Amino acid sequence: VEETTGVRLDRMAVLDLNAFREIVDVLDGVVVQVPREACGLPAGPRRFDGQAALDYIALQPCLPRKGLDRVERQQSLVKALMRGAVDGGKITHPLAVSGMLRATAGHLALEQGFSFPEMLGTLWSMRHLRTGNTTFLTVPVAAEPFARQDGNDYVLLDQQADDALWAALREDRLTEYLALHDDAQVLR
């Protein structure tokens, strides 16, 4: 990520997809705004428990835009998790945060030197985030965004358009970038 974007990451934590199932169950389910009809699931709000959320974000052969649809679905799930945990105030409740961390501990890898107490501090620093002040966007992709190599599908990025996004990110100008790029793939 640092090499592609030119942005230094201060801390790194990686969750496997099963962590989403666990967090959704700790929150007693979430309401996901399904962005577009695919795989027989109509667009609109849907309530998912943990396993249904995991199934929703899985890459399925019926997704017409392949990995791009999966990214969109993952973003809509993260937004639903934010609504449940952050907008709902659970992120400021120590027992709720502890429950989420315990549920995901087996699905979480932290970089060396990044401890759970530091992660709690990071979560606390995010207490003012809300779905209303958070933008989800997808990196610009090539006009023909899909390639297949060695039996694997790849999404091809638009290097020129990406450079503008990365510059805006490095220079803390994302609001300006979004105002100038009507074509940005933003999840509403």
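Colleague: Which elements each supply at least two residues of the lining of the second largest pocket?
Modeller: This is a predicted model. The second largest pocket has about 370 Å³ of volume, and among its 19 lining residues Thr138, Val139, Asp183, Ala184 and Gln185 are closest to the centre. The elements that each give at least two residues to this lining are H4, E5, strand E6 (141-149) and strand E8 (185-187).

Colleague: How do the residues of the lining of the second largest pocket divide by class?
Modeller: The lining of the second largest pocket consists of 19 residues. They divide into 12 nonpolar, four polar and three charged.

Colleague: Which element gives the most to the lining of the largest pocket?
Modeller: The largest pocket holds about 2100 Å³ of space. Its lining has 42 residues, with Ala13, Val78, Met126, Leu129 and Phe136 nearest the centre. Elements giving two or more residues include helix H2 (17-26), helix H4 (67-87) and helix H5 (94-104). The top contributor, with eight residues, is H4.

Colleague: How many residues of the lining of the largest pocket are nonpolar?
Modeller: Seven of the residues in this lining are polar and three are charged. The nonpolar residues number 32.

Colleague: From which element comes the largest share of the lining of the largest cavity?
Modeller: The whole structure has one cavity of 30 Å³ or more, and the largest cavity has a volume of about 40 Å³. Its lining is made by Val34, Pro35, Arg36, Ala38, Tyr56, Asp69, Glu72 and Arg73, with four nonpolar, no polar and four charged residues. The largest share, three residues, comes from H4.

Notes: Residues are numbered from 1 along each chain as its sequence is written. This is a predicted model: local features need pLDDT of at least 70, side-chain atom pairs count only at pLDDT 80 or more; totals for chains, interfaces and linings use all residues. Side-chain values use heavy atoms; hydrogens and water are left out. On a 1 Å grid over the protein atoms alone, a cavity is a set of points where a 1.4 Å probe fits but cannot get out, and a pocket is an open set with protein on both sides within 12 Å along at least five of seven lines; lining residues have an atom within 4 Å of a point. Grid points are joined across faces, edges and corners, and a volume is the space filled by probe spheres set on the points. Helices (H or I, at least four residues) and strands (E, at least two) are DSSP runs, numbered from the N terminus. Ala, Val, Leu, Ile, Met, Phe, Trp, Tyr, Cys and Pro count as nonpolar, Asp, Glu, Lys and Arg as charged, and the others, Gly among them, as polar.
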